[in-house]
Amino acid sequence: MGDWSPPACWYEPRTAQEFSKYVEDNYNDTINTPGQHSYAKALVGQFRNRYKDGKYKNYNLDKADEGSWWVAVRDEDRWMEPEAQVCDRDPFWVETGATPDVPNAVTPQVLAELAYNRIQLPSTEVALAPEAVTKVNLPTWAWLDKARFKEVSVTAALNVGGLNIQATTTAKPVSLRLEPGTPDAETYPASSECTINDDGSIGEPYGKGKADRTPPCGIRYLRSSGNGTFNLQATVTWEITWTGTGNPNPTQLPNGTFGNEQKVTVQEIQSVNR
């Protein structure tokens, strides 16, 4: 995916009722769990007292229409990463319509970046002709199935505590890069980068009558793989954009690159001497 990744943590609002239920449920679970350490019980008790009987009174339930609690949220898949520990501020109250003064307070763009992390893309396995076994100096055609490699979108939305925002992130395939797995090979085109065609496809399927043509996207191996195989690396670059609340025009996010290896057997062309 490159050097960029979506945020590992962020702040988002909870209603006073939601926050009250969360704290009370967490407190009761901790206190009533057999064998729970007294230190954990003390911590959860102190946290509860702060919002129930301390600085705040009864979770601000009497002000439920005037604001919301903003809480730190960590990506469940990345909660052990250092980046996920940046959002370490305790829950805080924000009046309706006010903008929290914290990094990573959820916005339409933050939603778009989180949606980016949830996009499910097809595995990057290119179709080849010849399919798995090719010959030295024989052009091997490569292409992507345009029925599978098409635009993919994910929408994220948040409607709580007076904040109603949404964002849609879209990934569109734009190019395919082929790395033969050996320096003894040539690529078509020479740049190794097969760009997207006008119809959304990448490369061109091999078919009858194309034996004498040079493939628009492919490889020509110059030596045999012997008793083994070459690891062909196929990488698709996806252009990532987003639209959402207050942002109707597609806005660029960093491109994503995803790929995998395919094993290719290359054999010498056998000749018969008479």
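**Reading shape and salt bridges in a predicted model**

Author: The protein chain has three helices and 14 strands, counted as DSSP runs numbered from the N terminus (helices H or I, at least four residues; strands E, at least two). This is a predicted model, in which local features need pLDDT of at least 70, side-chain atom pairs count only at pLDDT 80 or more, and totals for chains, interfaces and linings use all residues. Residues are numbered from 1 along each chain as its sequence is written, and side-chain values use heavy atoms, with hydrogens and water left out.

Reader: How many salt bridges does the structure hold?

Author: A salt bridge is a side-chain nitrogen of Lys or Arg within 4 Å of a carboxyl oxygen of Asp or Glu. The structure holds twelve. One of them joins Arg 48 and Glu 24 (3.0 Å, N to O). Arg 48 lies in helix α2 and Glu 24 in helix α1, so this pair ties together parts 24 residues apart in sequence.

Reader: Is Glu 24 buried or exposed?

Author: Buried means under 20% relative accessible area, exposed over 50%, partly exposed in between (1.4 Å probe, protein chains only). Glu 24 is buried, at 17%. Lys 21, at 54%, counts as exposed.
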